[in-house]
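Work through the exercises below with the sequence and the model open. Each task is followed by a solution in steps.

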Amino acid sequence: MHSMGIIRQSIQLSWENIKSNKMRTFLTTLGIIIGVTAVISLITIVNGVIATVMNEFASLGAGSISVSISGTPLKRGLTESDLESLEALDNVAGVSPTISSTGMAARNQKLLDSVSIQGKNEVYYAHNSLVTVGRGISEWDVENSAYVCVIDQDIADKLFAGENPVGQTLTVSGTTYTVIGLEGQNDDLMASMSGFGSNYDGTITIPYTTARKVTGNSSISSLEIYVADTDFTDQLMDEVESVLYLAFNQNENSYYVFAMDSLLDTMNQMMGTMTYMLAGIASIALLVGGIGIMNMMLVSVSERKQEIGLRKAMGAAPGRIQLQF
């Protein structure tokens, strides 16, 4: 009961001191609030930004291996047998080759001078949810070199303004294609990076076998290999490089293999370092604020030296005086 009375008395003395020094109390409280809020906000914002960036990069191709072929004078790109060898590897969920070119697109007296023409297969659309209206390229389209296409939002806005493009036709470089699907506005990070500074009026995707036929390009210079189990991505990369090494007659400078997972690991390390750095800066700011508050408290004690001396003269124990302050 005696200790409770001491605590109650100490609280009462503290409250009276707060009321007698309103401005000092307000500034001290404000400093604490600003310091703590700044640290919590900084950590929360940094963690949110890191999560957003990592999710964007993960959506670009985590779980896939990109292969770029520079070729040799004797062999410019990959053949169908090379694709079959890659598809036969363990842990491969699918192979999506790409044949790229440019051309003109026209419909009802409307002409687009420069469009990007991408030849892809059904595997690409099975692993990328891009089509918002209609469908993507199917296995039947690839096997029969069908004259069908998937257009992006830019092409739809310029050639099919106010219309549903699915089921209608357009002419690309003199060949008529039927639109089977519409890709939504692709605003992810890679699309922004690849579209920066681009002069293309839009993108038209056709079966890669059709692209081979209309462009006369029988070799494949780039492809995506989708990984079934990402725990063994590094092992699959080694196997892919072995297939390419033999395909290009042991010339390892004729191809480049890259996995987004390795970039994600690097990004994780960079983001971790940034988090520690910002936490250090926030801690320094909090320390400076704390020193300011401590200085204010020392001033408060200095102003009450006479009161402290009087209490000690009356026999108050040092511990009780500390408790009251």
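**Exercise 1.** Find the helix that holds leucine 30, and classify the residue as buried or exposed, or in between.

Solution. Leucine 30 lies in helix H2, residues 22-61; helices (H or I, at least four residues) and strands (E, at least two) are DSSP runs, numbered from the N terminus. The model is a predicted one, in which local features need pLDDT of at least 70 and side-chain atom pairs pLDDT 80 or more, while totals for chains, interfaces and linings use all residues. Residues are numbered from 1 along each chain as its sequence is written, and side-chain values use heavy atoms, with hydrogens and water left out.

The relative accessible area of leucine 30 is 33%, so the residue is partly exposed. The classes are buried under 20%, exposed over 50% and partly exposed in between (1.4 Å probe, protein chains only).

**Exercise 2.** Which strands pair with S7, and in which sense?

Solution. Two strands pair if DSSP finds at least two bridges between them.

Step 1: Strand S4 (residues 131-134) runs antiparallel to S7 (residues 175-183), with three bridges. Here valine 133 is opposite leucine 182.

Step 2: Strand S5 (residues 148-151) is parallel to S7, with four bridges. Valine 148 has threonine 178 as its bridge partner in S7.

Step 3: Strand S6 (residues 169-172) is antiparallel to S7, again with four bridges. Leucine 170 is bridged to tyrosine 177. S6 and S7 make a hairpin with two residues between them, and serine 173 in the turn has a positive phi of about 50 degrees.

**Exercise 3.** Classify the aromatic pair of phenylalanine 248 and tyrosine 255, then that of tyrosine 256 and phenylalanine 258.

Solution. The structure has four aromatic pairs. Rings of Phe, Tyr and Trp (its six-membered ring) pair if their centres lie within 6.5 Å; planes under 30 degrees apart are stacked, over 60 edge-to-face, and the rest tilted.

Step 1: For phenylalanine 248 and tyrosine 255 the centres are 6.4 Å apart and the planes are at 35 degrees, so this pair is tilted. Phenylalanine 248 is buried at 3% relative accessibility, and tyrosine 255 is buried at 13%.

Step 2: Tyrosine 256 and phenylalanine 258 are stacked, at 6.5 Å centre to centre and 10 degrees between the planes. Tyrosine 256 is exposed at 51%, whereas phenylalanine 258 is partly exposed at 27%.

**Exercise 4.** Which parts does the salt bridge between glutamate 163 and arginine 107 tie together?

Solution. The closest N and O atoms of glutamate 163 and arginine 107 are 3.1 Å apart. Glutamate 163 is in the loop between helix H6 (153-159) and S6, and arginine 107 is in strand S2 (residues 92-107), so the pair ties together parts 56 residues apart in sequence. Glutamate 163 is partly exposed at 38%, but arginine 107 is buried at 9%.

Notes: Salt bridge = Lys/Arg side-chain N within 4 Å of Asp/Glu carboxyl O.
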